[in-house]
Amino acid sequence: MTTAVFPGSFDPFTKGHAAVVRQALEIFDRVVIGIGENLAKNYLLPLEARRSLIAGLYAGEPRVDVEIYGGMTGDFALSKGARAIIRGVRNTTDFEYERTMESANRRLYPSIVTVMLFTPSDVADIASSTVREILAFGRDVDEFMPEGVDIRKYLR
Ligand code: PNS
């Protein structure tokens with residue numbers, strides 16, 4: 001069984017992330033969505049809210065697990081028996097950041113391969129940071145969220 005971890009902040013998990021999970025399930029038997037810590041970010045949603053939003057979406061999908069982890073993503077991947085770290089890429093700005101992170105992970109965890117998946121063009125404009133900004137102005141973000149997710153349930 002091939003396992004991949006899909007790490008991220010997921011603040012919040014969007015339609016774009018869901019599209020990456022769908023593609024990852026085409027090539028891996030199991031995908032563990034890992035909610036990790038990006039030291040450069042201030043988060044809007046509490047960790048547990050981010051976890052429960054994603055867990056609700058995949059409640060009927062036995063091939064997807066959702067976990068919160070602390071520490072390095074490579075250690076999390078090894079602890080899950082994963083061969084790969086999945087990352088979604090939308091554009092060249094993402095690419096530069098992902099390239100650097102891939103290199104660091106490859107140096108530190110040579111047995112783990114980073115697999116970049118392109119976010120489909122119909123959702124490639126969606127960023128969690130944009131969703132947070134729109135929310136800050138009190139506007140509705142339903143069209144950025146996976147079908148049926150009401151973000152208001154998860155806000156502090
Ligand atoms: O959604 P994000 O904010 O791009 O996710 C980034 C995340 C959490 C995957 C990244 O910051 C991360 O891996 N943090 C844990 C520390 C680590 O392993 N860094 C990568 C090697 S420098």
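**Entry 1. Ser128.** I began with Ser128, which is buried, with a relative accessible area of 14%. I use "buried" for under 20% relative accessible area, "exposed" for over 50%, and "partly exposed" for values in between, calculated with a 1.4 Å probe on protein chains only. I note that the model is predicted, so that local features need pLDDT of at least 70 and side-chain atom pairs count only at pLDDT 80 or more, while totals for chains, interfaces and linings use all residues. Residues are numbered from 1 along each chain as its sequence is written, and side-chain values use heavy atoms, with hydrogens and water left out.

I found Ser128 in helix α5, residues 128-136. Helices (H or I, at least four residues) and strands (E, at least two) are DSSP runs, numbered from the N terminus. Leaving out residues up to four places away in sequence, I listed Asp11, Pro12, Thr14 and His17 as the residues that Ser128 touches. Here, contact means heavy atoms within 4.5 Å. The side chain of Ser128 also reaches the backbone oxygen of Pro12 at 2.8 Å. I count as a polar contact a pair of N or O atoms within 3.5 Å; within protein, one must be able to donate a hydrogen and the other to accept it, and residues adjacent in sequence count only if both atoms are side-chain atoms.

Entry 2. I followed Pro12 to its place in the loop between β1 and α1. Asp11 and Pro12 are joined by a cis peptide bond, with omega at about 0°. Phe10 lies in the loop between β1 and α1 as well, and its phi is positive, about 50°, although Phe10 is not a glycine. Is Phe10 buried or exposed? I read a relative accessible area of 3%, so Phe10 is buried.

Entry 3. Ser9 is placed in the loop between β1 and α1 (15-27). Beyond residues up to four places away in sequence, Ser9 touches Ile35, Gly36, Asn38, Lys41, Tyr43 and Arg50. The side chains of Ser9 and Tyr43 are joined by a polar contact of 2.9 Å.

Which residues come nearest to the ligand? Of the 15 residues around it, I noted Ser9, Asn38, Lys41, Thr73 and Arg87 as nearest; a residue is near a molecule or strand if one of its heavy atoms lies within 4 Å of it. A polar side-chain atom of Ser9 lies 2.6 Å from an oxygen atom of the ligand. For Asn38, an N or O atom in the side chain is 2.9 Å from a ligand oxygen atom. For Arg87, the corresponding distance from a side-chain N or O atom to an oxygen atom of the ligand is 2.8 Å.

**Entry 4. The sheet.** I then traced the strands. Strands of a sheet pair through backbone hydrogen bonds, either parallel or antiparallel. I found an open sheet of five strands in the order β3-β2-β1-β4-β5, with parallel pairing. β3 (64-68) and β5 (113-118) stand at the edges with a single partner strand each, so one side of each has no neighbour in the sheet. On average, neighbouring strands of this sheet are turned by 30° against each other, direction ignored. Two strands are taken to pair if DSSP finds at least two bridges between them.

I checked the pairs in turn. β1 (residues 3-8) and β2 (residues 30-35) run parallel and are joined by six bridges; Thr3 stands opposite Arg30 in β2. Two bridges join β1 to β4, also in parallel, and Val5 stands opposite Ile85 in β4. β4 and β5 pair in the parallel sense over six bridges, and the bridge partner of Gly88 in β5 is Leu117. From β4 the chain crosses through α4 to β5, in a right-handed β-α-β crossover. Right-handed means that, with the strands pointing away from the viewer, the path from the first strand over the helix to the second runs clockwise.

**Entry 5. Helices on the sheet.** Helix α2 (residues 47-57) lies across β2 and β3, at about 175° to β3. Helix α4 (residues 92-108) lies across β4 (84-89) and β5, at about 170° to β4. Axes are lines fitted to C-alpha atoms, for helices over the stretch in contact, and angles run from 0 to 180 degrees between N-to-C directions. Why is β4 largely enclosed by the rest of the structure? I found that five of its six residues are buried.
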